[in-house]
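Hello,

Here is the structure I promised to pass on to you. Please open it first and have a look around; my notes on what turned up follow below.

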Amino acid sequence: MQKRVIKRMLMTGMSVNTGLYYASVAFRGVIENSTWNPAKNSIVVNFNVGADLREAIKATTVGIIGEKGSAMYIGGVQDASTRAQDASATAGRAFTLTGGKLKVVGTDPSVGIILKSSSGKETKVAEDLWVTNDPSKLTFIIPADLADGTYELKVTTQFGSNSKTMLKVPRSVMKTIYIGKAPDGGGLGPDGGLEEDPLG
């Protein structure tokens, strides 16, 4: 009811002051021959902060709780050899990640694709093993000399919101994968499959 009343008042040329905001109607364009021409004339409604809202703004305190979470994520995986989507992979064959902002770009030394074994040994996937490097899809060849076992896959990039935006500080996303056969129920993080670096 309130919205209908305010709308009717504004569209009849009246100004409205609710305390939260002050609204008034204005017209644009020159009226020619006393005729309204929609191609040249238009109606606009201007809003200004009201006294009540100004007081609320003054009384509001802001708490900084940390940086905004990264939009980079892994939503799905697939082994090109077996077509499995349970986070199992095959050494020497292609492995695909799908998700968001996965494109690997940047000059920081940490940028790249790294596989860390359960013993702590890290293997960086060479760029000539990258097959597809897009924001929503990343495909690469698992190094052929890696033994079967559990690995932490880490993708680090300076890719921003688009191909022209580069982050000053790289961000990473991680996922547990299994070269060879995945254990029963393996491949899923505590949130059902998305394993994201909480630090972005």
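Read along the sequence, the elements come in the pattern α-β-β-β-α-β-β-β-β-β-β-β-β-β. That makes two helices and twelve strands. Please keep in mind that this is a predicted model.

The protein has 200 residues, of which 32% count as buried. Its accessible surface comes to about 12800 Å², and carbon and sulfur atoms hold 54% of that. Among the contacts with a separation of 6 or more, 56% are between residues 24 or more positions apart.

Five of them form an open sheet with mixed pairing, in the order 5-12-11-7-8. Its edge strands are strand 5 (88–89) and strand 8 (122–124), each of which pairs on one side only. Strand 5 runs parallel to strand 12 (residues 166–179), and two bridges hold this pairing. If you want to find the place on screen, look for Ala 89, whose bridge partner in strand 12 is Ile 179.

Another pairing to look at is that of strand 9 (residues 130–133) with strand 10 (residues 137–141), which are antiparallel and joined by three bridges. The two are connected by a hairpin of three residues. Here Asn 133 sits opposite Leu 138 of strand 10.

Next, the aromatic rings. How many aromatic pairs does a search of the whole structure find? The search finds three. One of them is formed by Phe 27 and Trp 36, an edge-to-face pair with 6.0 Å from centre to centre and 85° between the planes. Phe 27 has 55% relative accessibility, so this residue counts as exposed. Trp 36 counts as partly exposed because its relative accessibility is 40%.

A further pair is made by Phe 95 and Phe 140, with ring centres 6.1 Å apart; the planes stand at 65°, so this pair is edge-to-face. It links distant parts of the chain, since Phe 95 lies in strand 6 (residues 94–100) and Phe 140 in strand 10, 45 residues apart.

Together with Met 11, Ile 31, Ile 43, Val 45 and Phe 47, they make a nonpolar patch of about 710 Å². Strand 3 (residues 42–49) gives the largest share of this patch, three residues. Phe 47 is located in strand 3, and at 53% relative accessibility Phe 47 counts as exposed.

Leaving aside residues up to four places away in sequence, Gly 76 touches Thr 96, Leu 97 and Thr 98. Gly 76 and Thr 98 are 22 residues apart along the chain, while their C-alpha atoms are separated by 5.1 Å.

Enjoy exploring, and do write back with any questions.

Best wishes

Note on methods
Residues numbered from 1 in each chain as written. Predicted model: local features only at pLDDT ≥ 70, side-chain atom pairs only at ≥ 80, totals over all residues. Heavy atoms only, no water. Pairing = 2+ DSSP bridges. Helix = DSSP H or I, 4+ residues; strand = E, 2+ residues; numbered from the N terminus. Phe/Tyr/Trp six-rings, centres within 6.5 Å; stacked < 30°, edge-to-face > 60°. Buried < 20%, exposed > 50% of the residue type's maximum accessible area, 1.4 Å probe, protein only. Patch = residues over 30% accessible without salt bridge, like charges linked within 9 Å, V, L, I, M, F, W, Y side chains within 5 Å. Areas by Shrake-Rupley, 256 points an atom, 1.4 Å probe, with all protein chains shown as cover. Salt bridge = Lys/Arg side-chain N within 4 Å of Asp/Glu carboxyl O. Contact = heavy atoms within 4.5 Å.
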